[in-house]
Amino acid sequence: MHLKHSTEFERVYAARRSAQDATLKAMVAPNGLEHSRLGLSVGKRYGNAVRRNRFKRLVREAFRTNREQLPSGFDIVVIPRTRSEPTLEMVTSSLVGLVSKVARLS
């Protein structure tokens with residue numbers, strides 16, 4: 001499942017629980033569901049449409065393949081922090097580490 005509506009994104013932003021590293025920033029808020037949901041916020045500053053879509057594909061794949069390592073019951077918004085092209089391994093390690101860190105604090 002993915003976050004689709006602006007109200008869902010605003011709820012995560014309002015929770016003000018986030019962590020970041022050199023690759024990405026993860027904002028997390030409890031959602032009251034049994035599963036976690038992912039939202040992506042990739043602005044035009046990151047690059048052209050090809051770069052933005054590639055980043056989104058990488059994050060979606062990292063989320064899909066590592067669902068069992070991520071805590072359940074959270075809405076997650078991911079924002080890129082690097083201008084360079086991240087690899088799937090970079091995105092995966094950042095996503096799992098940051099979301100786990102923020103979820104422990106919640």
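Tutor: One definition before we start: a residue is called buried under 20% relative accessible area, exposed over 50%, and partly exposed in between. Please also keep in mind that this is a predicted model.

Student: Okay. How many aromatic pairs are there?

Tutor: The count comes to 2 aromatic pairs. One of them is formed by F9 and Y13, whose rings are tilted at 45° between the planes, with 6.4 Å from centre to centre.

Student: Where do F9 and Y13 lie?

Tutor: They lie in helix α1, which covers residues 6–15, and they are 4 residues apart there, about one turn of the helix.

Student: And Y13, why does that count as partly exposed?

Tutor: Y13 has a relative accessibility of 31%, and because that value falls between 20% and 50%, Y13 counts as partly exposed. F9 has 14%, which is under the 20% cut-off, so F9 counts as buried.

Student: Which residues make up the pair with 5.4 Å centre to centre?

Tutor: That pair is Y46 with F55, again tilted, with 55° between the planes. Y46 is buried, and F55 is buried as well.

Student: What sits over the ring of Y46?

Tutor: The charged end of R51 does, at 4.6 Å from the centre of the Y46 ring.

Student: Let's switch to pockets. What lines the largest pocket?

Tutor: Y46 turns up again here, as one of the lining residues.

Student: I79 and P80, which strand are they in?

Tutor: They belong to β4, where P80 points one way together with F74, I76 and V78, while I79 points the other way together with D75 and V77. Residues on either side of the strand are buried, and in total that is 7 of the 7 residues of β4, which is mostly covered.

Student: What about β2, is it enclosed or open?

Tutor: Strand β2, residues 24–30, has 5 of its 7 residues buried, so it is largely enclosed by the rest of the structure.

Student: How do β2 and β4 run?

Tutor: They run antiparallel, and 7 bridges join β2 to β4, which covers residues 74–80. You can follow the pairing by looking at residues that face each other: L24 stands opposite P80 in β4, and P30 stands opposite F74 in β4.

Student: And how are β1 and β2 joined?

Tutor: A hairpin takes the chain from β1 to β2 through 3 residues. The strands run antiparallel, and 3 bridges join β1, residues 18–20, to β2, with A19 standing opposite A26 in β2.

Student: Then β3 and β4, parallel or antiparallel?

Tutor: They pair in the parallel sense, over 4 bridges, and G39 stands opposite V77 in β4.

Student: New topic, loops. Where is G32?

Tutor: G32 has its place in the loop between β2 and β3, where β3 spans 37–40. Its relative accessible area is 76%, which is over the 50% cut-off, so G32 is exposed. G32 and D75 are 43 residues apart in sequence, yet their C-alpha atoms are 9.3 Å apart in space.

Student: And P86, buried or exposed?

Tutor: P86 is buried, because its relative accessible area is 2%, which is under the 20% cut-off. P86 is in the loop between β4 and α3, a helix at 88–105.

Student: Last one. What is phi of R16 near?

Tutor: Phi of R16 is near 55°, and that is a positive value in a residue other than glycine. R16 is found in the loop between α1 and β1, and since its relative accessible area of 74% is over 50%, R16 is exposed.

Note on methods. Residues numbered from 1 in each chain as written. Predicted model: local features only at pLDDT ≥ 70, side-chain atom pairs only at ≥ 80, totals over all residues. Heavy atoms only, no water. Phe/Tyr/Trp six-rings, centres within 6.5 Å; stacked < 30°, edge-to-face > 60°. Helix = DSSP H or I, 4+ residues; strand = E, 2+ residues; numbered from the N terminus. Buried < 20%, exposed > 50% of the residue type's maximum accessible area, 1.4 Å probe, protein only. Lys NZ or Arg CZ within 6 Å of the ring centre and 35° of its normal. Pairing = 2+ DSSP bridges. 1 Å grid on protein atoms, 1.4 Å probe; cavity = no way out; pocket = protein on both sides within 12 Å on 5 of 7 lines; lining within 4 Å.
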